[in-house]
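This report goes through selected local features of one protein chain. Please keep the sequence and the structure open while reading.

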Amino acid sequence: MNPTDRNPVQLMSSHLAAHSWREAQMKRLAALLALVLSLGGIALAQNTLINGAGATFPNPIYSKWFDEFHKSNGSQINYQPVGSGAGIKQVTDGTVDFGASDGPMNDEQIAAYKQKNGGGILHFPTVLGAVVPTYNVPGVSAALNFTPEALSGIFLGRITKWNDPAIANANKGVTLPANDIVVIHRSDGSGTTYIFTDYLSKVNPDWKDKVNKGTSVNWPVGLGGKGNEGVTGLIKQTPNAIGYVELIYAAQNKVPYGSVKNPAGSFVKADLSSVTEAAGSVKTMPDDFRVSITNAPGKNAYPIASFTWLLIPEKFKDSGKRDTLKKFINWAITDGQQYAENLSYAKLPKEVVDKELKALSKVQ
């Protein structure tokens with residue numbers, strides 16, 4: 001039949017069919033375009049590379065988190081465990097996207113950051129951990145007890161023998177040798193040092209006056225090791241040594257570590273419950289999250305415990321990095337907490353998590 005011979009109804013039907021076909025094709029093209037753009041966005045997110053540096057104290061849990069976050073989100077976060085002091089310096093200098101520290105930045109460091117970068121920096125607690133006194137005393141396999149007086153005396157260089165009464169009286173039934181004590185401390189700027197010296201400053205006025213607290217201090221005595229790994233290694237290879245490391249490093253390296261007498265008079269060994277009880281001493285978390293929980297009250301509170309913090313700039317030039325970091329922090333302080341206890345860290349209290357989730361809106 002000649003098209004011109006079609007009646008008006010047939011012609012209208014033909015036009016409607018053609019229109020429907022074109023409309024269907026346009027919808028398919030629109031859907032395809034949306035898929036391409038979506039895949040492009042996913043690829044872009046997967047290619048986001050973020051660099052951070054800082055504390056060795058939380059490095060085991062951070063390594064686990066960054067790996068799990070990469071599997072589920074595609075983004076790559078590189079972290080260098082160079083010590084809290086170096087982490088603060090690098091984030092201030094802008095050579096990394098974020099820092100990490102076991103000791104909160106002080107007012108002077110925050111002012112220096114603002115002057116250099118034009119914006120503020122925020123502290124986000126991630127987990128809680130413990131710093132433990134570790135030792136290598138030949139012939140002594142028992143777990144030792146340490147009083148605040150003994151620990152401060154050893155690191156001040158005033159207690160020099162393992163059988164000194166300040167140590168022996170807290171360890172009845174243990175035969176301690178008359179060997180010289182070899183003190184090991186961190187050589188690099190360290191949040192672990194901050195936690196330990198913060199504790200010693202609270203329990204010994206002489207320590208506070210002569211040494212005080214900080215990520216780096218002028219040690220009265222001792223040999224220096226770099227990182228928690230370096231201190232652990234030195235203690236293992238040095239007879240009669242004593243030092244301080246984050247709990248997971250002592251546990252993983254099978255280095256003995258002692259119980260510490262707390263303000264309630266109890267000798268407490270560091271574990272998840274004793275660190276969690278120390279965290280419970282914080283009744284009101286300050287808005288900037290800078291808080292100390294060393295020497296906390298509580299019958300079973302471990303006295304050398306601390307939060308550890310990510311140091312996040314308030315302002316980002318790169319919105320992709322900003323969004324990825326905010327997403328990571330949200331995940332780490334919620335779903336990511338499930339990995340903490342297997343690595344000897346205590347989970348964040350719910351009240352702290354809720355406060356942090358609100359604080360994330362300050363990152364612009």
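Which residues line the largest cavity? The lining consists of Asp102, Pro104, Tyr194, Ile195, Asp198, Val291, Ser292, Ile293, Thr294, Ala305, Ser306 and Trp309. The model is predicted, and every value below was computed from it.

## The cavity

With a cut-off of 30 Å³ or more, the count comes to one cavity. The volume of the largest cavity is about 40 Å³. Empty space of this kind is found by rolling a probe the size of a water molecule over the atoms.

Helix α7 (191-203) and strand β11 (305-313) each contribute at least two residues to the lining of the largest cavity. Sorted by class, this lining holds seven nonpolar, three polar and two charged residues. Asp102 and Asp198 are among the lining residues, and Asp counts as charged.

## Salt bridges

The model has 16 salt bridges. One of them pairs Lys71 with Glu68, with 3.6 Å between the closest N and O atoms. Both residues belong to helix α2 (residues 59-73), and because they are three residues apart, about one helical turn separates them. In an α-helix there are 3.6 residues a turn, so residues three or four places apart point the same way.

Another salt bridge joins Lys116 and Asp93, whose closest N and O atoms are 2.8 Å apart. This pair connects distant parts of the chain, with Lys116 in helix α4 and Asp93 in helix α3 (residues 84-93), 23 residues apart. Lys116 is exposed at 54% relative accessibility, because the cut-off for exposed is over 50%. Asp93, at 32%, is partly exposed.

Asp323 and Arg322 also meet through their side chains in a salt bridge, at 2.9 Å from N to O. Asp323 is partly exposed, with 41% relative accessibility, and Arg322 is partly exposed as well, with a relative accessible area of 22%. Elsewhere, salt bridges with shared partners bring Lys64, Asp67, Glu68 and Lys71 together in one network.

## The two ends of helix α4

Helix α4 spans residues 107-117. At its start, a side-chain oxygen of Asn106 comes to within 3.2 Å of the backbone nitrogen of Glu108.

## A three-stranded sheet

What is the order of the strands in the open sheet of three strands? The order is β5-β9-β10, and the pairing is mixed. Strands β5 (145-146) and β10 (267-268) are at the edges; each has a single partner strand, so one side of each has no neighbour in the sheet.

Strands β5 and β9 (residues 259-261) run parallel and are joined by two bridges. Within this pairing, Asn145 has Ser259 in β9 as its bridge partner.

How values were computed:
Residues numbered from 1 in each chain as written. Predicted model: local features only at pLDDT ≥ 70, side-chain atom pairs only at ≥ 80, totals over all residues. Heavy atoms only, no water. Polar contact = N/O pair within 3.5 Å; in protein donor to acceptor, adjacent residues only side chain to side chain. Helix = DSSP H or I, 4+ residues; strand = E, 2+ residues; numbered from the N terminus. Salt bridge = Lys/Arg side-chain N within 4 Å of Asp/Glu carboxyl O. Buried < 20%, exposed > 50% of the residue type's maximum accessible area, 1.4 Å probe, protein only. 1 Å grid on protein atoms, 1.4 Å probe; cavity = no way out; pocket = protein on both sides within 12 Å on 5 of 7 lines; lining within 4 Å. Points joined across faces, edges and corners; volume = space filled by probe spheres on them. Pairing = 2+ DSSP bridges.
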